[in-house]
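Please keep the sequence and the coordinates at hand while reading.

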Amino acid sequence: MIIEHLSNEYSMVAHLKCHSIIVKEGERVSRGPVIGLYWNSGNSTETHLHFQVMNSPNYLNGKSICIRFKDNLEPIQGDLIYPSKRILLNHS
């Protein structure tokens, strides 16, 4: 799923459970409501969500943009985020 934001930014959310996406194409979304359920898909052994922000709706050609999270969290690969507790666990 690709979400278009202001300022030529696009986010991609991947590994969503088949048929779980609640929003429709072209529908406006905001922070907070569920858009779909994450699942165990792709080359993985765990249920997870792939999230990235880029400068193009085409994830194959777009360049990554640094993600600005609420509460100034700056996760990197391998970090776990617990949104309900607003904490970041770094496993490196």
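This is a predicted model, and the chain averages a pLDDT of 82, with 88% of the residues scoring at least 70. Where pLDDT is low, the predicted coordinates should not be read in detail.

Ser11 counts as buried because its relative accessibility is 2%, and buried means under 20%. Leaving aside residues up to four places away in sequence, Ser11 touches Met1, Ile2, Ile3 and His5, as well as Phe51, Gln52 and Val53. With His5 there is also a polar contact, made between the two side chains at 2.8 Å.

Attention may now turn to the nonpolar residues. The largest nonpolar core is formed by 5 residues, namely Ile3, Val13, Leu16, Val23 and Ile35. One of these core members, Val23, touches Met1, Val29 and Ile35 when residues up to four places away in sequence are not counted.

The cysteines complete the account. A disulfide is a covalent bond between the sulfur atoms of two cysteines. In this model the count comes to 0 disulfides. Cys18 has a relative accessible area of 56% and is therefore exposed, the cut-off being over 50%. Cys66 likewise counts as exposed, because its relative accessibility is 67%.

Notes: Residues numbered from 1 in each chain as written. Predicted model: local features only at pLDDT ≥ 70, side-chain atom pairs only at ≥ 80, totals over all residues. Heavy atoms only, no water. Buried < 20%, exposed > 50% of the residue type's maximum accessible area, 1.4 Å probe, protein only. Polar contact = N/O pair within 3.5 Å; in protein donor to acceptor, adjacent residues only side chain to side chain. Contact = heavy atoms within 4.5 Å. Core = buried A, V, L, I, M, F, W, Y, C linked by side-chain atoms within 4.5 Å. Disulfide = S-S within 2.5 Å. pLDDT = per-residue confidence, 0-100.
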